[in-house]
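Please read it alongside the sequence and the model.

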Amino acid sequence: MRVGDIATGRSGDKGDILDLSLVATDKASYELLHKHLTPEYVEKMVYPALKSKVQRYEVPGLNALKFVFPTALPGGVYASMHAGLHWQKAAIWFLLDHEFNPQ
Amino acid sequence: MSTSSLACRVGSGAGFAGDRIDPAVRLVQSGEIDTIALECLAERTLVPAIKARTDNPHAGFDPRLERRLTPLLPAAHKKNCRIVSNLGAANPVAAGEAITKLSYKLGIKGQRVAALQGDDVMALQSQVKWIRPITGKLIGAHAYLGCKKISQALEEGAHVVVTGRVADSALFAAPARAHLSNLEDALAGALTVGHLLECGGQLTGGNYEPIAGATKPPPLSAHDYAQLGYPLAKVYADGTADISVLKDAPGIVDAITCTLQLLYEVHDPARYITPDLIVDFSNIKFESIGRNTIRMTGAKSKGLPPTLKVAGFVEHPGFLVDIEIGFAGEGALARALNAADVLRYRLNNWAPDTISIDVVGLNSVLGAKSKPHRGDPVELRVHISAQCETAMDAQSVEDEIYSLTLSGPAGGCSVRSEKRNRLEVLDGYIQASSVPSQLIWSQS
């Protein structure tokens, strides 16, 4: 199952910090993502494209999870070594495109 | 609808310095709002403004001020709608004078403009606690001010309030502030509305891909995006609010778009820190009460933050270069991959963490986690970014790309090269009581 089949999301940032939000379609999808997307799992999942610890925040009332990567964008937007500025606006697809086994 | 009395009707006219100008004009002309707030100042937008002010004491505000306000001021004057914006950037007082001059030129008489001064804490830098030691040259330091003085200006009759660095949410919460109940949770609600509105079209269907499911809205067309309505809110005295978009404007306002914007860039949703309050979003609820209308309830205060945040701008020597060369036609993929390898041979003396070589169209955005491509892309661009100590180093990297046109795989084309200074934004903290702020008035 693709994460993006049961959730949508958005990328944000502040300085060195990458901040990803996922919102599930319903409570069951939220529970599924909550179970599978542990901080350790997500940290491994995005490595080596992102080299950072992950802090996860839960907002069950809104079926939402947040994943905050404190050292993913060293030096911030203008120090990026990617082509152009603001590559991180697409970083949510690290999560949305991830395939996992819902069992 | 809330049973609580209406505190204000506020619209979102811009979410960044370069945002569209027409959505704000449409909101004001609708008569549906009493105040339009425009967020026009990203962290780094302050840097060119600081430099402009150094060269000319009457400059240093948003260079788009005249273009943005020329259509907005007459519409706001006609509809008795107030304007709040941070387009004062590094020089809000000069911005206030410029707005008064512009209004005079536009034939608007008796308009009162208040400029909020005090966010520039460069002179107070000894009192700032930085999160890391400063290793380069500090060129500016600005504290994030709250909504109290902006609210005061509006209550004292300002038609326009112009600021420098304030919390984005403060711009939108200010018109409600004086009309809220005394509960801290009411202000928490107004600040939450501010956070929802501060990114303009990102609340109303922009930067949003709906997902499958029973509640999936119809997708926005190119024409819808081109004419996207920006959000507005009715904020009630208890801090609850109805969030919507003009009835005749394209957009999506539903529980998902509101949730995405609520959580955007806040890190810990139980501790959204603003200069006015720490807000807890844990119990926020979004309930549909009509087409494209969401009722927001449940914001809670977690008390005053101990300090104000400060953004410091630190210049470092050297440059970051960002260069690309294109390949097209049959075999473009093989030639682009080959060219990237040529560059890896030619630049193998660079430390790995100071240079990045990849291919736009394959892996320049998501890097090692890009999906495998399906079929051969027919046009690609080979990209290098490099951290260069000197302008000569930057030139040598650019020259290596250009040399591919004569000595690399066939058809290297469409070279684009950018070079930017190395600038760090450093966070710091300062006691709020150390940062005096005042309103400077002018009138057309």
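In this predicted model, 41 residues of chain B are in contact with 36 residues of chain A, two residues being in contact if their C-beta atoms, placed from the backbone, lie within 7 Å. Because the model is predicted, local features need pLDDT of at least 70 and side-chain atom pairs count only at pLDDT 80 or more, while totals for chains, interfaces and linings use all residues. Residues are numbered from 1 along each chain as its sequence is written, and chains are lettered from A and ligands numbered from 1 in the order in which they are written.

**Chain B against chain A**

- At least two residues each of the side of chain B that touches chain A come from α9 (255-263), β15 (308-328), β16 (355-360), β17 (379-388) and β18 (413-430) of chain B; helices (H or I, at least four residues) and strands (E, at least two) are DSSP runs, numbered from the N terminus.
- The most is given by β18(B), with six residues.
- By class, this side of chain B has 17 nonpolar, 11 polar and 13 charged residues; Ala, Val, Leu, Ile, Met, Phe, Trp, Tyr, Cys and Pro count as nonpolar, Asp, Glu, Lys and Arg as charged, and the others, Gly among them, as polar.

**Domains of chain B**

- Chain B splits into domain 1 (6-311 + 427-443) and domain 2 (316-425), with bounds that come from an automatic or database domain assignment.
- The C-alpha centres of domain 1 and domain 2 of chain B are 38 Å apart.
- Contact between them involves five residues of domain 1 of chain B and four residues of domain 2 of chain B.
- On the domain 1 side of that contact there are two nonpolar, one polar and two charged residues.

**Helix α6(B) and its surroundings**

- Helix α6 (residues 168-177) and helix α7 (residues 184-197) of chain B pack at an angle of about 140 degrees, with their axes 7 Å apart; axes are lines fitted to C-alpha atoms, for helices over the stretch in contact, and angles run from 0 to 180 degrees between N-to-C directions.
- That angle makes α6(B) oblique to α7(B); angles under 35 degrees count as roughly parallel, over 145 as roughly antiparallel, 65 to 115 as roughly perpendicular and the rest as oblique.
- The residues of the contact of α6(B) with α7(B) are 10 nonpolar, three polar and one charged.
- Since 10 of the 10 residues of α6(B) are buried, α6(B) is largely enclosed by the rest of the structure; a residue is buried if 20 or more other C-beta atoms lie within 10 Å of its own, exposed if 12 or fewer, and partly exposed in between.
- The buried residues of α6(B) pack against β1 (6-14), β2 (35-38), β3 (82-85), α5 (148-155), α7 and β8 (231-236) of chain B.

**Helices α3(B) and α4(B)**

- Helix α3 (residues 65-79) and helix α4 (residues 92-105) of chain B pack at an angle of about 45 degrees, with their axes 10 Å apart.
- This makes α3(B) oblique to α4(B).
- Leu65(B), Glu66(B), Leu69(B), Thr70(B) and Leu73(B) in α3(B) meet Ala95(B), Ala98(B), Ile99(B), Leu102(B) and Ser103(B) in α4(B).
- Seven nonpolar, two polar and one charged residues make up the contact of α3(B) with α4(B).

**Gln125(B)**

- Gln125(B) sits in the loop between β4 (112-117) and β5 (129-130) of chain B.
- Gln125(B) is partly exposed, with 16 other C-beta atoms within 10 Å.
- Leaving aside neighbours within four places in sequence, Gln125(B) is in contact with Leu138(B) and Ala141(B).
- The C-alpha atoms of Gln125(B) and Gly428(B) are separated by 9.6 Å, and the two residues are 303 residues apart along the chain.
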